[in-house]
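Please give me a short briefing on this structure.

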Amino acid sequence: QVQLVESGGGLVQAGDSLRLSCAAAGITFSRNAMGWFRQAPGKERVLVAGISAGGGTTRYADAVKGRFTISRDNAKNTVHLQMNSLKYEDTAVYYCAAGRTNLSYGPYDYWGQGTQVTVSS
């Protein structure tokens with residue numbers, strides 16, 4: 001059974017930083033691309049950041065380039081999203097995802113339950 005468990009969300013002020021973490025189980029982690037998606041109220045779920053299975057390739061949504069950094073630790077089966085200079089519009093539920101591919105842009109097959117990030121202006 002695949003389990004992706006996110007942590008690290010919360011309420012912060014604009015300009016603050018947060019680090020999200022996702023612990024994976026039930027997959028061969030080093031063979032899966034990992035990604036972070038977000039979904040704001042009334043909007044579609046979108047890919048924020050992705051990282052290839054080996055960690056050598058990353059991709060980011062234009063809205064977060066230069067502020068967010070995705071990283072992974074294949075020895076610990078974890079993926080992180082460092083979010084700096086947070087903006088009000090970053091407010092969303094953030095989901096960890098795993099894809100049975102090496103490609104940082106997916107497709108993604110497994111999802112966590114999400115963690116809320118709220119940025120006050």
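Predicted model: local features only at pLDDT ≥ 70, side-chain atom pairs only at ≥ 80, totals over all residues.

Residues are numbered from 1 along each chain as its sequence is written, and side-chain values use heavy atoms, with hydrogens and water left out.

- Strands here are DSSP runs (E, at least two residues), numbered from the N terminus.
- Two strands pair if DSSP finds at least two bridges between them.
- Strand β4 covers residues 33–39, and six of its seven residues are buried. Buried means under 20% relative accessible area, exposed means over 50%, and partly exposed lies in between (1.4 Å probe, protein chains only).
- β4 runs antiparallel to strand β9 (residues 92–99), and seven bridges join the two. Met-34 has Ala-98 of β9 as its bridge partner.
- β4 also runs antiparallel to strand β5 (residues 46–51), with five bridges between them. Here Phe-37 stands opposite Leu-47 of β5.
- A hairpin is formed by β4 and β5, with six residues between them. Gly-42 in the turn has a positive phi of about 80°.
- In a regular strand the side chains alternate between the two faces of the sheet.

**The four-stranded sheet**

- An open sheet is built from four strands in the order β1-β3-β8-β7, with antiparallel pairing.
- Its edge strands are β1 (3–7) and β7 (68–73), and each pairs on one side only.
- Neighbouring strands of this sheet are turned by 15° against each other on average, direction ignored. Axes are lines fitted to C-alpha atoms, for helices over the stretch in contact, and angles run from 0 to 180 degrees between N-to-C directions.
- Five bridges connect β1 with strand β3 (residues 18–25), and these strands run antiparallel. Leu-4 has Ala-24 of β3 as its bridge partner.

**Nonpolar cores**

- A nonpolar core is a set of buried Ala, Val, Leu, Ile, Met, Phe, Trp, Tyr and Cys residues joined through side-chain atoms within 4.5 Å.
- The largest one has 27 residues. Those with the most contacts inside it are Met-34, Trp-36, Phe-68, Val-79, Leu-81, Met-83 and Tyr-94.
- At least two residues of this core come from each of β3, β4, β5, β7, β8 (78–83), β9 and β11 (115–120).
- Leaving aside neighbours within four places in sequence, the contacts of Met-83 include Leu-18, Phe-68, Tyr-94 and Val-117. Contact means heavy atoms within 4.5 Å.

**The disulfide**

- How many disulfides does the rule count? The count comes to one. A disulfide is a pair of cysteine sulfur atoms within 2.5 Å.
- Cys-22 and Cys-96 form it, with their sulfur atoms 2.1 Å apart.
- The pair links distant parts of the chain: Cys-22 is in strand β3 and Cys-96 in strand β9, 74 residues apart.
- The torsion about their S-S bond is about -80°, so the disulfide is left-handed.
- Cys-22 and Cys-96 are both buried.

**Aromatic rings**

- Rings of Phe, Tyr and Trp (its six-membered ring) pair if their centres lie within 6.5 Å. Planes under 30 degrees apart count as stacked, over 60 as edge-to-face and the rest as tilted.
- This rule gives two aromatic pairs.
- Phe-37 and Tyr-108 pair edge-to-face, at 5.3 Å centre to centre and 85° between the planes. Phe-37 is in strand β4, and Tyr-108 is in the loop between β9 and β10 (110–111), 71 residues apart.
- Phe-37 counts as buried because its relative accessibility is 10%. Tyr-108 is buried too, with a relative accessible area of 11%.
- Phe-37 and Trp-111 also pair edge-to-face, at 4.6 Å centre to centre and 65° between the planes. Trp-111 has 36% relative accessibility, so it counts as partly exposed.
- Phe-37, Tyr-108 and Trp-111 form one aromatic cluster.

**A loop residue**

- Tyr-88 lies in the loop between β8 and β9.
- Is Tyr-88 buried or exposed? Tyr-88 counts as exposed, because its relative accessibility is 52%.
- Not counting residues up to four places away in sequence, Tyr-88 touches Val-119 and Ser-121.
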